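User: Hi! I've got a structure open and would like to talk through a helix and a sheet. Could you help me out?

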Amino acid sequence: MTGPSKTGPAMTGTSSPGDGIDRVGLTLLYKRVRNICDEMAFAMMRTAYSPIFSEGLDFSTLVLDRRGRLIATAGINPAMLGASLYAATWIIREVGPENFAEGDIFVHNDPYRGGSHLPEHMMVAPVYSDGELAAFVGNIAHLAEIGGMAPGSFAATATDIFQEGLRIPPTKLFDRGEPVQDIWRIMLANHRTPNNSWGDLHAMVGSLRVGERRVGGLIAERGVDGLNEAFEQILDYAEAYMRSEIAALPDGIYTGEDCMEDDGISDRSYWIRSRIIVEGDELIFDYSKSDEQAVGPINAPYVVTLSASLNGLLYVLARDVPVNAGIVRPVKVVAPAGTITCVRLPGPCVGGQTEFQPRIMELVLGQILSQILPERAAAASGNTSLNFLFGGVDPRNGEYYAHYHFEGMGWGGRADSDGNSAQIVPHANCRNTPVEIFETKWPWVHEEYSLNDDTGGAGRHRGGLGVRRVMEVEGDVITVSALSERMKRSPWGLFGGHDGSRTALEVAPAGSDAYETFQDAFGLISPSKFTNIRLRRGDRVRITSPSGGGYGDPLERDPAKVLADVELGFVSRVSAESVYGVVLAGAPDDGLAVDEAATEALRRSMRDGVA
Amino acid sequence: MAWHELNKNWHDTTVDYCDVCGNLLIARYWSFIEPDGTETRRCCDETCERLFGRLRRLEQSARDS
């Protein structure tokens, strides 16, 4: 088979799809629209109150045409792609374009109206030119606390969506530039940390105002119709690009499966079964054979399954394609309602976005597409956001606080490099919250935050390392919850690479060094999903994040890289020999070197099964 | 085969799903009568029909083989 080109046709190239258009002008326009999204993102990052915005970057910014179709998004959080494609459209159709006015802003966070999960709020504002609706700008951002049964609004034991927080259908938050105070009061009264919500929601508003001004500048240059015609061409281009990439794949049906370990309510696992059907220049993701929806909150709304599927595809195909509504035209996702891939009301789904989505994404790019594009696939990452939530009254100021924390972990090895270490799960592109921010904002003191050495899945390209975080409660009482995965099943290696290591969540009571799992300490059903555990001053929590799986046979790893790993502490000398077959000479203090003859002999005997 | 409005009351909080792909129905749906006389509700028109036809062919060929 002839693989698709790595970069795809350039928008400015002579062989680009869509003859008859000004490709140079179109490229410049698209870059400007992307820059508008970036500027909107910076405005949000710099003005927000919560670290989940300013440090974690758990948001996305959008420019949409006058029909609400996505034209461009800042390349920040691909996990929100599905919602970016559908949630704004939903608002516009439900409200009706004729019911918008200049200065209006609508908000909505409903997973049963195109949202991903309740914490992620979408705002949309129309852009007018002389009274004519010309475009929309929007953003989606994860608010750290929106009420519900657990501080941090990530209730791992929720059994319906009503326990997950305040659900808002498309609702006018600003009316012709003026805040709709009744709506603000309802929202803030239902959040545990209303001051933070106030600041973060206004950061979103400010971001929209930046977008309105910049899109207004484009309209002044091109006119409403001219701009929307160019938007249409950008969509057509993206569609043609995707079709050309899919057409280069061999027709066929490719299958794979993986599971969610449990749903926090019972011990049973839930299986996701996927088949990818490639036919001509179109592609179908079919999840019809997946398990029924779970009782607990690991279910996905349709847009989350869509996001995961598209992101898995975009990791290996059409990597330069403008990410907009055009890319989804040749790609269909079948996720029947009532399965874990498309939750029915009132099923809970807060964990679908953070745990289910990366599971599907890596199933697609690692297990399934590796069958036809092995050179672009990757082994499994730690594949959990490892959500750790906490809240309480801060003894330093008497104010209620709450935080939604996600942890870095190891990514999987890939064909041309090792997996990244200590990085947030690949579907979201978020950043970790620094220890300094942690300790300034909340009553925790860190004892350790380090790479978890010697855990990366061995391989020709090694899996990245997870982290270990140990912290002590500094307040009288703190309420913690968790929603994570990869405690029962390891991140898988690929093409002979070894599996990565697993997640662990442990606790030691004040004055003791004896750590035990939260499950054992508190008699929980699930080791990885629990809600509202009360810890006391001096108690310590140890979070160990998983490492990535390895890619390829470890005996094929360049011995010089193994030596470098040992010198950096990533791999132990024992593992270098027993797993990689690399014999090192010398002492660490005097400098190590690869004993090439001994290494070759050891590797030969390991391959022969003698060692 | 035609578009139909969902025609919900403003206070109706129920949710409707596409019978073909599972996506949510927004405000309206595309109705199609199956050969056995049942009505399916879809989120899009010809595209959904093509998709449905393709999946049916695949299921049939899987059964035949």
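Predicted model: local features only at pLDDT ≥ 70, side-chain atom pairs only at ≥ 80, totals over all residues.

User: Thanks! How many residues does helix α3 of chain A have, and how far does it reach?
Analyst: Helix α3 of chain A runs over residues 81-95, which is 15 residues. From first C-alpha to last, the helix reaches 22 Å, close to the 21 Å expected at 1.5 Å a residue.

User: Is α3(A) mostly covered or mostly open?
Analyst: Mostly covered: 12 of the 15 residues in α3(A) are buried. Among them are A:Leu81, A:Leu85, A:Trp90, A:Ile91, A:Ile92 and A:Val95.

User: And what covers those buried residues of α3(A)?
Analyst: The cover includes strands of chain A, among them β1 (59-65), β4 (120-129) and β5 (132-142). Helix α7 (302-316) of chain A is also part of the cover.

User: Switching to chain B: what is the strand order in the open sheet?
Analyst: The order is β1-β2-β3 in chain B, three strands with antiparallel pairing. β1 (2-5) and β3 (39-42) of chain B are at the edges with a single partner strand each, so one side of each has no neighbour in the sheet. From one strand to the next, the twist averages 40°.

User: How many bridges join β2 and β3(B)?
Analyst: Four bridges, in the antiparallel sense, pair β2 (residues 28-33) of chain B with β3(B).

User: Which residue in β3(B) is opposite B:Ser31?
Analyst: That's B:Arg41.

Notes. Residues numbered from 1 in each chain as written. Chains lettered and ligands numbered in written order. Heavy atoms only, no water. Helix = DSSP H or I, 4+ residues; strand = E, 2+ residues; numbered from the N terminus. Expected span 1.5 Å × (residues − 1). Buried < 20%, exposed > 50% of the residue type's maximum accessible area, 1.4 Å probe, protein only. Contact = heavy atoms within 4.5 Å. Pairing = 2+ DSSP bridges. Axes fitted to C-alpha atoms, helices over the stretch in contact; angles between N-to-C directions.
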